Amino acid sequence: LTDSATVAIPAGLLINTNNVTTPLNACASPSATITLRNAGQIILYSLDVKETLPAGLTYVLGTTEYRVNSGAWTPGSDPSPTTSPLHWTSAQLPVLASITPGPTINIRFQLLANCSFAGGQVTVQTDYANPCGNVFSTDASSFSVALTPPSLTISKVRTAPAAGPLNCGQNVTWQITVTNNSAYTVPVVW
């Protein structure tokens, strides 16, 4: 007597989200957090987390850390590459080798908004393998990062001579005042 059977592996269900401190002040260094959760019924393997940053937002070297189920933060390695899109695999974060059903993994790191950053979308998407080695991708999850633009007032007043007409070739002195009306220090005025 012989018989055969087919084993059906349930589909994986990996949820990935991200967030960044927002709105950002000009030239700020916000923290970002990626959250991964295996909401399915099978172990998922070889997670490859990809974070795409908008123009003007860059990764700060040496700031990656991770935790499982709200545990203690553990230092991790920089993504490879360290320019957008950022990639973390088990080579940088050993916890990404596999994830059983239920746990939540957080990946936290610092970003730097250069002074020309105008806001944009931060997007995370994760590839993973099921127990048979088939590779799948999560849906992309995007988070909108807004900019709190600086507010400056500039005034110019002639100080010498203070008033009256000028003669040809006469020197004039002006006082230029820049006032920061922002709720934060503006590090560079150009």
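**Entry 1: conventions and secondary structure**

I took helices (H or I, at least four residues) and strands (E, at least two) as DSSP runs, numbered from the N terminus. With that convention I counted zero helices and 16 strands in the chain. I note that the model is predicted, that local features need pLDDT of at least 70, and that side-chain atom pairs count only at pLDDT 80 or more, whereas totals for chains, interfaces and linings use all residues. Residues are numbered from 1 along each chain as its sequence is written, and side-chain values use heavy atoms, with hydrogens and water left out.

**Entry 2: overall form**

Along the principal axes, the C-alpha atoms fill a box of roughly 115 × 30 × 25 Å.

The accessible surface of the chain is about 10,700 Å², and carbon and sulfur atoms account for 54% of that. I called a residue buried under 20% relative accessible area, exposed over 50%, and partly exposed in between (1.4 Å probe, protein chains only). Of the 190 residues, 32% are buried.

For contacts I required heavy atoms within 4.5 Å. Among contacts between residues at least 6 apart in sequence, 67% join residues at least 24 apart.

For charges I counted Lys and Arg as positive and Asp and Glu as negative, leaving out His and the chain ends. Each charge was placed at NZ of Lys, CZ of Arg, CG of Asp or CD of Glu. The mean positions of the 6 positive and 7 negative charges are 24 Å apart.

**Entry 3: aromatic rings**

I let rings of Phe, Tyr and Trp (its six-membered ring) pair if their centres lie within 6.5 Å; planes under 30 degrees apart count as stacked, over 60 as edge-to-face, and the rest as tilted. I found four aromatic pairs in the structure. One of them joins Tyr 59 and Trp 88 edge-to-face, at 6.3 Å centre to centre and with 75 degrees between the planes. Tyr 59 lies in strand β5 (residues 57–59) and Trp 88 in strand β8 (residues 86–88), so this pair ties together parts that are 29 residues apart in sequence. Tyr 59 counts as buried because its relative accessibility is 7%. Trp 88 is buried as well, at 0% relative accessibility.

Tyr 59 also pairs with Phe 109, in a tilted arrangement at 5.9 Å centre to centre and 45 degrees between the planes. This second pair links distant parts of the chain, since Phe 109 is in strand β10 (residues 104–113), 50 residues from Tyr 59 in strand β5. Phe 109 has a relative accessible area of 0% and is therefore buried. I record Tyr 59, Trp 88 and Phe 109 as a cluster linked by ring pairs.

Leu 44 is in strand β4 (residues 44–52). Its relative accessible area is 0%, so I list Leu 44 as buried. Beyond its neighbours within four places in sequence, Leu 44 is in contact with several residues, among them Gly 12, Leu 14, Ala 97, Ile 99 and Tyr 128. Leu 44 and Ala 97 are 53 residues apart in sequence, yet their C-alpha atoms are 8.4 Å apart.

Thr 17 is in strand β1 (residues 14–20). At a relative accessible area of 36%, Thr 17 is partly exposed. Leaving aside neighbours within four places in sequence, the contacts of Thr 17 are Thr 33, Ile 34, Thr 35, Val 124 and Ser 141. Thr 17 and Thr 33 are 16 residues apart in sequence and 8.4 Å apart, C-alpha to C-alpha.

**Entry 4: backbone exceptions**

Most residues other than glycine have a negative phi, and most peptide bonds are trans. I looked for departures from this pattern.

The peptide bond from Ser 80 to Pro 81 is cis, with omega near 10 degrees. Pro 81 lies in the loop between β7 (74–75) and β8. The bond from Ala 160 to Pro 161 is also cis, with omega near -15 degrees. Pro 161 is in the loop between β15 (152–160) and β16 (173–180).

Cys 27 has a positive phi, near 65 degrees, and is found in the loop between β2 (24–25) and β3 (31–38). Ser 46, which is not a glycine, has a positive phi of about 50 degrees. Ser 46 is placed in strand β4.

Technical notes. Accessible areas come from the Shrake-Rupley method with a 1.4 Å probe; for residues, only the protein chains shown count as cover.
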